[in-house]
Amino acid sequence: MKIASLNIENIYHRDKGLVRPKLNKCVSDWVSELDSLMNRIQKNANDMDRIRELTFLLGFEKTDHRPFGVLRKRQGELFLKPNGSAHEAKASRLTDWNGWVALQTVAVPYSSTLNKARLIAATDADVLVLQEVEDRASLMDFNRGLLREFVMEPYEQVMHLEDNDGRGQGTAIMAKNGYRLDTLKSHGLELADGQDPIFEVDCQEYAVLTPEGRSVHILSVQFSLDKDTHRKLQAQKVADIYHKMKDSGKELVLVCGTLNDVAYSDCLSPLLRGTDLEDVSRQPGFKVERDLGKGAGYFRLGAYSMGVNIRQKDYMLVSPEMKGKLTSCGIDRKGMWPEGKTRWPTYPGLKNRTHAASSHPLIWGEFKDI
């Protein structure tokens, strides 16, 4: 049985908020400070002076002040007239609207989508777990169409659930070759302090039946990217779920997904040191094409292993019973764009980061007698 996990970073379209460059620390601090000042009901002179400074630093003075419309009060009602549209053709006779609506998503380059399919087809796993899938329709089209271009039969079972975030980061599982999804459970509705969801995206629990009738239990997770304390809470929750699974007699357990932190981080300690789960990247049979040149003999702090010097944030963790059936494992990063000075073998058509299948590697494990 071969299981693979990949944060695919959407297939055909991706939310703008996930592709915009992150603000540097100074700008982020200015935005936070301005938000807090604007929320104050009573503002003193110092507050107003600081607001003027922050708006200048954030470039508010560059705003275009030309009006997009004119607001008029007539006969007790407000009317909005689009600027310069008096004699322009309308969209239809049923509406006076004549303008543009900005879409919240951007198209994923086709070369990137092809590399996603190429990466998945090269692994050809029996069970594939995906994070950050925008919707079921895109996944079904990808499964039935693009995978065939790389001489791979589509998956027979496809399941997708939306996430709490609402930006197209849903989680999916796909199975074939006689493996089938038996049960699915989402922990996305469980709350922290009775208010906000513990998992901003989701934590999904699957039971997969093998052709021999055995059950393999998979937890697919995605942790918070920016909040350390919340990430530790999520790690503790997954550890609690795992312990309950073991207490109920479930032995063949696998946890996979994007934990968004390195293995030595205290945030992940409840899961990596508070359970008997083991990381497949620490196993002797771990396979990966190493860095080229001097990087092959270098071990970066927080990396996967010697000569695999990308910061670890994606994991495949296995229970002791699952580890006992592990025959081989590895990661495939041929679809990733090398950042900085680090280099490794990539697909021939991968010329820049826009062609990359994902900024995450694909992790896989092969198991016997299941």
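In which loop is D124 found? D124 sits in the loop between α4 and β6, and this loop is one stop on a walk through a model that is predicted. Local features are described where pLDDT is at least 70 and side-chain atom pairs where pLDDT is 80 or more, while totals for chains, interfaces and linings use all residues. Residues are numbered from 1 along each chain as its sequence is written, and side-chain values use heavy atoms, with hydrogens and water left out.

The protein chain contains eight helices and 21 strands, where helices (H or I, at least four residues) and strands (E, at least two) are DSSP runs numbered from the N terminus. Of the 370 residues in the protein chain, 46% are buried; buried means under 20% relative accessible area, exposed means over 50%, and partly exposed lies in between, with a 1.4 Å probe and protein chains only. If we take the contacts (heavy atoms within 4.5 Å) between residues at least 6 apart in sequence, 68% of them join residues at least 24 apart.

Helix α4 covers residues 110–123, and at 1.5 Å a residue its 14 residues should span 20 Å, which agrees with the 20 Å between its end C-alpha atoms; the expected span is 1.5 Å times one less than the number of residues. This helix is mostly covered, with 10 of its 14 residues buried, among them S112, L114, K116 and I120. The cover over these buried residues includes β1, β6 (127–133), α5 (136–144), β20 (326–332) and β21 (362–367). Just after α4 we return to D124, whose phi is positive at about 50°, and this is a residue other than glycine. Most residues other than glycine have a negative phi. D124 is partly exposed, with a relative accessible area of 37%. A positive phi in a residue other than glycine is also found at N10, where the value is near 70°. N10 lies in the loop between β1 and β2 (13–15), and N10 counts as buried because its relative accessibility is 0%.

Helix α6 (residues 228–247) can be checked by the helix rule too, for its 20 residues should span 28 Å and its end C-alpha atoms are 29 Å apart, which agrees. The buried residues of α6 include H230, R231, Q234, V238, I241 and M245, and the buried residues of this helix pack against β11 (196–197), β12 (203–209), β13 (215–222), β14 (253–258), α7 (269–272) and α8 (320–323). Just after α6, G249 takes a positive phi of about 95°. In helix α7 we find S269, which counts as buried at 15% relative accessibility; leaving aside neighbours within four places in sequence, S269 is in contact with K232 and G274.

The loop between β14 and α7 holds N260, a residue that is buried, with a relative accessible area of 14%. Beyond its neighbours within four places in sequence, N260 is in contact with F223, S224, L225, R231 and K313. The side chain of N260 reaches the backbone oxygen of F223 at 2.9 Å, a polar contact, that is, a pair of N or O atoms within 3.5 Å in which, within protein, one must be able to donate a hydrogen and the other to accept it, and residues adjacent in sequence count only if both atoms are side-chain atoms.

Strand β17 (residues 303–305) contains Y304, which is buried with a relative accessible area of 2%. Y304 and R282 are 22 residues apart in sequence, yet their C-alpha atoms are 8.0 Å apart in space. Not counting residues up to four places away in sequence, Y304 touches several residues, including S281, R282, F299, D314, P361 and I363. A polar atom of the side chain of Y304 lies 3.0 Å from the backbone oxygen of D314.

A search of the whole structure finds one cavity of 30 Å³ or more; on a 1 Å grid over the protein atoms alone, a cavity is a set of points where a 1.4 Å probe fits but cannot get out, and lining residues have an atom within 4 Å of a point. The lining of the largest cavity consists of S5, L6, N7, Q131, G257, D314, Y315, P361 and I363. The elements that give two or more residues to this lining are β1 (2–7) and β19 (314–318), and β1 gives the most, with three residues.

Terms used. On a 1 Å grid over the protein atoms alone, a cavity is a set of points where a 1.4 Å probe fits but cannot get out, and a pocket is an open set with protein on both sides within 12 Å along at least five of seven lines; lining residues have an atom within 4 Å of a point. Grid points are joined across faces, edges and corners, and a volume is the space filled by probe spheres set on the points.
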